Amino acid sequence: MVLGKVKGNLTASDRVDIRNEGSLTGDVVCQRISIEDGAYFKGGIDIRKPNAKDGVTNGAAKMENTPATETPRMATATA
């Protein structure tokens, strides 16, 4: 549960909650995530299925990094 200010990547075995007074700058790896209205989040999110092995996306979609002048593209991975 994020109630204050966090800078850095965050990995959780289950759920990450960012409350309205919370601020998270960094990438998140977890099974579930909740971001309340008013919370600040800047980073990427990698949702993992339970018992997923590291490096396996299990068909999850990931946004590719693009310059601000380009339209973001969606890339999909298959396992």
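Author: A salt bridge is a side-chain nitrogen of Lys or Arg within 4 Å of a carboxyl oxygen of Asp or Glu. This is a predicted model, in which local features need pLDDT of at least 70, side-chain atom pairs count only at pLDDT 80 or more, and totals for chains, interfaces and linings use all residues. Residues are numbered from 1 along each chain as its sequence is written, and side-chain values use heavy atoms, with hydrogens and water left out.

Reader: Why is the contact of Arg-32 with Asp-14 called a salt bridge?

Author: The closest N and O atoms of Arg-32 and Asp-14 are 3.0 Å apart. The limit is 4 Å, so the pair counts as a salt bridge.

Reader: What makes Arg-32 and Asp-14 a link between distant parts of the chain?

Author: The two are 18 residues apart, with Arg-32 in strand S6 and Asp-14 in the loop between S2 and strand S3 (15–18). Strands (E, at least two residues) are DSSP runs, numbered from the N terminus.

Reader: How many salt bridges does the rule give?

Author: The count comes to 4. Among them is Arg-15 with Asp-17, whose closest N and O atoms are 2.7 Å apart. Another is Glu-36 with Arg-19, at 3.8 Å.

Reader: What makes Ile-35, Ile-45 and Ile-47 a patch?

Author: Patches are made of residues with over 30% relative accessible area and no salt bridge; like charges are joined within 9 Å, nonpolar side chains (Val, Leu, Ile, Met, Phe, Trp, Tyr) within 5 Å. Ile-35 has a relative accessible area of 37% and is partly exposed. Together the three form a nonpolar patch on the surface with about 230 Å² of accessible area, a value from the Shrake-Rupley method with a 1.4 Å probe, where for residues only the protein chains shown count as cover.

Reader: How do you know that S1 is joined to strand S4?

Author: Two strands pair if DSSP finds at least two bridges between them. S1 and strand S4 (residues 23–25) have 3 bridges and run parallel, so they pair. Lys-7 has Thr-25 as its bridge partner in S4.

Reader: Why do strands S2 and S8 stand at the edges?

Author: The open sheet has the order S2-S5-S8, with parallel pairing. Strand S2 (10–11) and strand S8 (45–47) each have a single partner strand, so one side of each is left without a neighbour in the sheet.

How values were computed:
Helix = DSSP H or I, 4+ residues; strand = E, 2+ residues; numbered from the N terminus. Buried < 20%, exposed > 50% of the residue type's maximum accessible area, 1.4 Å probe, protein only.
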